[in-house]
Amino acid sequence: MTKLAIQESLLPGAGAHERLAAAAELGFSGVEFAAAGLDERLDEIYDSLNAHGLAASGVNMGAASGWLAADRATRADAADSLRRALTCALDLEAEYVSFVPQIGESDLPDLTPFASPLELQKELFIWLLRGISDLADAMETKLAMLPLNRGENRFVTCLDDAAFFRRQVDDHPNITLAANTRCLALEEDDMAAALAAHCKALSAVYLVDDNGRLPGRGSLQFASLAGALRSADFTGWLVLAGECDGAADLSNCLDCLRHCQIT
């Protein structure tokens with residue numbers, strides 16, 4: 001059964017109760033929440049989820065970064081933000097916390113011939129995953145790596161890159177992957193094949209058209225992507241994302257997804 005969620009920021013309404021009521025009325029199974037400021041809203045959100053029969057699909061770290069910064073204090077603060085997000089996910093009974101390994105250019109030094117900036121990034125990231133995997137285990141929450149296209153970062157740009165780091169922690173069951181369909185379109189030769197190949201490790205697939213808008217407003221073939229995920233027995237969350245122009249835009253998007261047999 002398809003688990004379809006929507007990012008809270010796309011929903012109409014003045015507060016969590018109104019937004020989650022709209023999500024339930026539109027037929028979503030879950031809602032994904034931004035990590036920023038989430039710990040201050042937990043009670044309101046938890047009550048609203050229960051009132052409307054919805055699940056928290058996950059927590060999204062958004063543009064947060066810093067875990068691979070040159071400055072040690074910055075790295076420590078960033079790792080702590082991941083831990084707080086995992087705690088919020090536990091409180092909301094969410095399945096995953098999604099995060100981008102690196103945003104923008106690295107500020108790590110070039111220590112060639114000892115190590116290049118890229119080699120230092122890899123080692124720091126592996127240490128981060130090893131250090132936080134036990135916490136993800138304890139909280140029974142998945143930490144999902146989300147690749148971005150090369151226009152936004154130069155480190156983890158495709159699902160194969162993210163899968164490499166998962167192998168470095170022995171394919172830890174609570175260290176998983178997430179995918180953004182817009183970024184897949186920019187980086188993968190065959191999007192459907194890439195999704196199918198990594199399907200078992202995916203906690204979330206963000207549905208965004210190739211122009212950054214909601215599905216149906218660009219040229220991506222979501223029917224083929226849906227077919228690939230069904231054939232590979234995808235059990236994670238499909239999360240509606242992208243730029244939204246209001247209720248009518250959201251309604252048209254859902255019509256498109258129904259036509260593609262995603263819902």
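# Chatting through a predicted chain

Mentor: The chain's secondary structure comes to nine helices and eight strands; helices (H or I, at least four residues) and strands (E, at least two) are DSSP runs, numbered from the N terminus. This is a predicted model, where local features need pLDDT of at least 70 and side-chain atom pairs count only at pLDDT 80 or more, while totals for chains, interfaces and linings use all residues. Residues are numbered from 1 along each chain as its sequence is written, and side-chain values use heavy atoms, with hydrogens and water left out.

Trainee: Thanks! What radius of gyration does the chain have, and what would a compact globule have?

Mentor: The chain has 18 Å, which agrees with the value near 18 Å for a compact globule of 263 residues. That radius is taken over C-alpha atoms, and the globule rule is 2.2 Å times the number of residues to the power 0.38.

Trainee: And what box do the C-alpha atoms fill?

Mentor: Roughly 55 × 40 × 30 Å, taken along the principal axes.

Trainee: How much of the chain is buried?

Mentor: Buried residues make up 52% of the 263 residues. Buried means under 20% relative accessible area, exposed over 50%, and partly exposed in between (1.4 Å probe, protein chains only). The accessible surface comes to about 12,000 Å², and 48% of that belongs to carbon and sulfur atoms. Those areas come from the Shrake-Rupley method with a 1.4 Å probe; for residues, only the protein chains shown count as cover.

Trainee: What share of the contacts is between residues 24 or more positions apart?

Mentor: Among contacts with a separation of 6 or more, 74% are between residues 24 or more positions apart. A contact means heavy atoms within 4.5 Å.

Trainee: Switching to charges: how many positive and negative side chains are there?

Mentor: There are 20 positive and 39 negative ones, and the centres of the two sets lie 3 Å apart. Lys and Arg count as positive and Asp and Glu as negative, with His and the chain ends not counted. Each charge is placed at NZ of Lys, CZ of Arg, CG of Asp or CD of Glu.

Trainee: How many disulfides turn up in the whole structure?

Mentor: A search finds zero, where a disulfide is a pair of cysteine sulfur atoms within 2.5 Å. For Cys-158, the nearest cysteine sulfur is that of Cys-183, 11 Å away. Cys-244 is in no disulfide either, and its nearest cysteine sulfur, that of Cys-253, is 8.0 Å away.

Trainee: Where is Cys-244 found, and what is Cys-244 in contact with?

Mentor: Cys-244 sits in the loop between strand S8 (237-240) and H9. Leaving aside neighbours within four places in sequence, Cys-244 is in contact with Leu-10, Leu-214, Asp-249 and Leu-250. Its C-alpha is also 9.9 Å from that of Arg-217, 27 residues apart in sequence.

Trainee: On to backbone geometry. Which residues does a cis peptide bond join?

Mentor: Thr-112 and Pro-113, with omega about 15°. Pro-113 is in the loop between strand S4 (96-99) and helix H4 (117-138).

Trainee: What else is in the loop between S4 and H4?

Mentor: Leu-108 lies there, and Leu-108 is buried because its relative accessible area is 10%. Not counting residues up to four places away in sequence, Gly-104 touches Glu-152 and Asn-153.

Trainee: What about phi at Glu-140 and Gln-261?

Mentor: Glu-140 has a positive phi of about 50° although it is not a glycine, and Gln-261 has a positive phi of about 60°, also without being a glycine. Glu-140 is in the loop between H4 and strand S5 (142-145), and Gln-261 lies in the segment after helix H9 (247-259).

Trainee: Are Glu-140 and Gln-261 buried or exposed?

Mentor: Glu-140 is exposed, with a relative accessible area of 69%. Gln-261 counts as exposed at 53%.
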